[in-house]
Amino acid sequence: MADLFTETGSEGGFRLDRLELFNWGGFNTKVWRLQPGCRNSLITGANGSGKTTVVDALVSLLVPPRNRHFNQSSGNDRRRDRTEESYVRGAYGTTRDESSLSSRVRFHRPDKKSTVSVLVAAFTNSLTPEPTCLAQVRWFGGSTGRLETRYILSRESLTIAEDFSDVDPRGEYLRRLKKAKNIEVFDTFTAYAKAFRLRFGMRSEKALTLFNKTVGVKDIDDLNDFIRGQMLDGVETEDEFSRLKAHYDDLLKAHRQIELAEERIKLLEDVERHGTEFRNRLDDYTRAQEA
């Protein structure tokens with residue numbers, strides 16, 4: 001199994017304090033726990049010892065499914081080998097049927113109906129007293145056996161052994177957990193991510209996609225593209241240009257109307273001046289005739 005080396009630090013900011021896995025990839029049948037509790041961590045181990053599986057568990061907890069890429073440390077051809085379902089069932093190899101010459105995937109947990117997978121991560125901040133825990137529970141439910149997921153955010157400490165030892169498809173464990181702990185439960189990753197981003201002080205979803213990208217940082221071909229695509233919020237340039245152009249046209253029309261009004265005022269002032277002069281001369285002429 002992979003080994004964990006850590007470097008401590010006291011700076012503010014949320015840091016991973018504990019990661020727990022149950023029935024995730026090769027981490028089978030019991031709860032596996034890593035406790036970095038530090039500023040930096042280094043995971044070492046031989047090929048197949050579970051390094052990537054641990055990282056992908058953290059990716060699953062933090063990165064939206066549409067942006068998530070498992071097994072990024074491998075080549076492009078190997079990335080497709082790992083999915084949420086393969087991790088939940090514990091895929092670990094293939095066997096070949098000699099009669100049909102077809103291959104079949106081997107699983108640590110072949111029975112989908114009885115398989116439950118739980119991930120829990122606890123984050124702490126030296127500037128805040130309470131931890132923040134993220135949890136995801138997966139199982140195969142319904143008549144189609146589709147993979148289901150519940151997303152949980154808690155401001156109290158959660159552990160798999162104490163809080164998720166009795167997971168059931170009907171969700172009774174969640175009702176019991178809500179009575180015991182201050183938790184929020186979400187049916188979608190979008191709502192769950194919005195809640196924990198607010199808790200962590202993330203201003204944009206880009207922070208999550210950036211984390212996902214840095215997991216496979218060796219694959220960056222162009223630093224400029226990386227910064228534009230992963231670190232800067234996207235801007236709809238064409239739409240913005242259209243709005244600015246329309247606004248400019250409105251301002252230009254208003255300016256022309258102001259200039260036209262000023263010219264009309266000037267002409268009217270001349271008419272008024274000449275009219276006043278005419279009336280004055282007419283009055284002088286009338287008085288002279290009367291005299």
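Hi everyone, let's start with a charge and a ring: Lys30 lies over the face of Trp32, 4.4 Å from the ring centre. A charge counts as sitting over a ring if NZ of Lys or CZ of Arg is within 6 Å of the ring centre and within 35 degrees of the ring normal. There is also Arg89, which lies over the face of Phe107 at 3.8 Å from the ring centre.

A quick word on where this comes from. The model is predicted, so local features need pLDDT of at least 70 and side-chain atom pairs count only at pLDDT 80 or more, while totals for chains, interfaces and linings use all residues. Residues are numbered from 1 along each chain as its sequence is written, and side-chain values use heavy atoms, with hydrogens and water left out.

Now for rings meeting rings. A pair of aromatic rings is described by the distance of the centres and the angle of the planes. Rings of Phe, Tyr and Trp (its six-membered ring) pair if their centres lie within 6.5 Å; planes under 30 degrees apart are stacked, over 60 edge-to-face, and the rest tilted. How many aromatic pairs does a search of the whole structure find? It finds 14.

Take Trp24 and Phe70: their ring centres are 6.4 Å apart and their planes stand at 75 degrees, so this pair is edge-to-face. Trp24 lies in strand E2 (residues 15-24) and Phe70 in the loop between helix H1 (51-62) and helix H2 (76-79), so the pair ties together parts 46 residues apart in sequence. Helices (H or I, at least four residues) and strands (E, at least two) are DSSP runs, numbered from the N terminus.

Buried means under 20% relative accessible area, exposed over 50%, and partly exposed in between (1.4 Å probe, protein chains only).

Next, Tyr192 and Phe196 form an edge-to-face pair, 5.0 Å centre to centre with 70 degrees between the planes. They are four residues apart in helix H6 (residues 189-200), so about one helical turn separates them. Tyr192 is buried at 0%, and Phe196 is buried at 0% as well. Ring pairs also link Tyr192 and Phe196 into a cluster with Phe14, Phe123, Tyr151, Phe186, Phe189 and Phe200.

Asn23, in strand E2, has a positive phi of about 55 degrees although it is not a glycine, and Asn23 is buried at 9%. Thr29, in strand E3 (residues 27-34), is not a glycine either, yet has a positive phi of about 65 degrees; Thr29 is exposed at 61%.
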